[in-house]
Amino acid sequence: MCRWLAYSGSPLLLDTILYKPAHSLIDQSLHSRLGVETTNGDGFGVGWYTDHADTPAVLRDVGPAWNNRNLREIADHVESPLFFAHIRASTGTAVQQTNCHPFRHGRWLWMHNGAIADFHLIRRELCLLVDPALFFDIEGTTDSEVMFYLAVTFGLDQDPPGAVARMAGVVERVGREQGVEFPLQMTVAVSDGESVWAFRYSSQGKSRSLFYSSRVDSLRKLHPDMAFLQEVSDETRLVVSEPLGDLPGAWNEVPESSYGVVRPGADALFPFTPQAA
């Protein structure tokens with residue numbers, strides 16, 4: 001499986017989140033505590049938004065994150081108010097650049113931890129459900145990218161939670177038609193550069209770990225001497241596969257079968273249920 005994080009808030013150097021925390025994503029690439037695998041070395045990716053372009057930038061590579069000099073270089077120089085980062089542990093598909101997350105389509109970024117069970121059995125049928133106008137944008141061979149383009153097909157631009165719910169519904173229907181008992185395992189993050197939606201769901205009801213950070217104003221009261229909390233806005237929020245440290249009160253588990261939305265103003269959690277497409 002994989003580990004990922006999504007950051008939204010005050011513009012920060014990527015280094016602040018990717019490298020500096022005690023249990024940073026780079027540390028997790030070697031020493032994951034909550035993942036299926038301890039080591040996530042089958043590639044990595046970072047996607048970030050700026051005020052200078054309509055689409056996000058993406059850097060992906062097949063090597064491990066812990067010793068990539070290019071990642072270290074950009075992390076010290078790139079500043080962004082919203083970015084994704086992902087470290088990959090392949091579930092069977094090839095270790096190649098086009099299989100690394102995050103995936104991009106227009107202004108959208110998408111990353112996933114989990115798997116479609118027996119993907120090889122249902123891959124063709126799922127791909128045939130992707131809008132033909134989008135099909136040739138699929139570059140890799142992962143279940144994660146097919147999930148993304150199914151969500152785009154089912155209305156990601158208009159209704160992100162509904163599109164992801166319809167994607168999940170189709171994956172479960174097609175999987176069960178082929179005798180797959182628990183077709184879907186996912187934590188997913190998706191963003192249009194303004195908001196971040198994060199989903200935690202599995203057909204078995206035993207989803208991979210996912211956490212969100214507490215409100216900054218609450219954390220300032222608990223930790224008034226922590227400089228980082230004085231430097232970021234109240235809107236700042238992180239969603240992570242596993243906590244980046246052990247700061248008391250900082251992390252909250254995303255409930256099973258739910259999704260959250262991070263955007264200017266009040267963030268919110270909602271129940272998540274797959275829908276028929």
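User: In this predicted model, how many bridges join strand β9 to strand β10?

Analyst: Strand β9 covers residues 211-213, and strand β10 covers residues 237-240. The two run antiparallel. Y212 stands opposite V239 in β10. The number of bridges joining β9 to β10 is two.

User: What is the strand order of the open sheet of seven strands?

Analyst: The pairing in this sheet is antiparallel. Neighbouring strands are turned by 15° against each other on average, direction ignored. The order is β3-β2-β4-β1-β10-β9-β11.

User: Which strands stand at the edges there, each with a single partner strand?

Analyst: An edge strand has a single partner, so one side of it is left without a neighbour in the sheet.

User: Is S10 buried or exposed?

Analyst: S10 is found in strand β1, residues 3-13. Leaving aside neighbours within four places in sequence, S10 is in contact with S80, P81, E231, V232, S233 and T236. Its relative accessibility is 15%. Buried means under 20%, so S10 counts as buried.

User: What is the order of the open sheet formed by six strands?

Analyst: Pairing is antiparallel here. The edge strands are β5 (103-105) and β13 (268-271), and each pairs on one side only. Neighbouring strands are turned by 20° against each other on average, direction ignored. The order is β5-β6-β7-β8-β12-β13.

User: In β12, which residue is the bridge partner of R200?

Analyst: Strand β8 covers residues 196-202, and strand β12 covers residues 258-262. Five bridges join them, and they run antiparallel. The partner of R200 in β12 is S258.

User: Which helix packs on this sheet, touching β6, β7, β8 and β12?

Analyst: The helix spans residues 160-177. Its direction makes about 25° with that of β8. The helix is α7.

User: How many of the nine residues of β6 are buried?

Analyst: W108, W110, H112, G114 and I116 point one way from β6, and they are buried. L109, M111, N113 and A115 point the other way, and they are buried too. β6 is therefore largely enclosed by the rest of the structure. The count is nine of nine.

User: Which residue takes a positive phi in the hairpin of β5 and β6?

Analyst: Three bridges join β5 to β6, which run antiparallel. F103 has W110 as its bridge partner in β6. The hairpin has two residues between the strands, and a phi near 60° occurs there. The residue with that positive phi is G106.

User: In β7, what is the bridge partner of M111?

Analyst: β6 and β7 run antiparallel. Eight bridges join them. In β7, the partner of M111 is A189.

User: At what angle do the axes of helix α6 and α7 cross?

Analyst: Helix α6 covers residues 143-153, and its axis comes within 8 Å of that of α7. α6 passes α7 in a right-handed crossing.

User: How many nonpolar residues does the contact of α6 with α7 have?

Analyst: From α6 come M147, L150 and A151. They meet A163, M167 and V171 in α7. The contact has no polar and no charged residues. The nonpolar residues number six.

Note on methods:
Residues numbered from 1 in each chain as written. Predicted model: local features only at pLDDT ≥ 70, side-chain atom pairs only at ≥ 80, totals over all residues. Heavy atoms only, no water. Pairing = 2+ DSSP bridges. Helix = DSSP H or I, 4+ residues; strand = E, 2+ residues; numbered from the N terminus. Axes fitted to C-alpha atoms, helices over the stretch in contact; angles between N-to-C directions. Contact = heavy atoms within 4.5 Å. Left-handed = near helix turned anticlockwise from the far one by under 90°. Nonpolar A, V, L, I, M, F, W, Y, C, P; charged D, E, K, R; others polar. Buried < 20%, exposed > 50% of the residue type's maximum accessible area, 1.4 Å probe, protein only.
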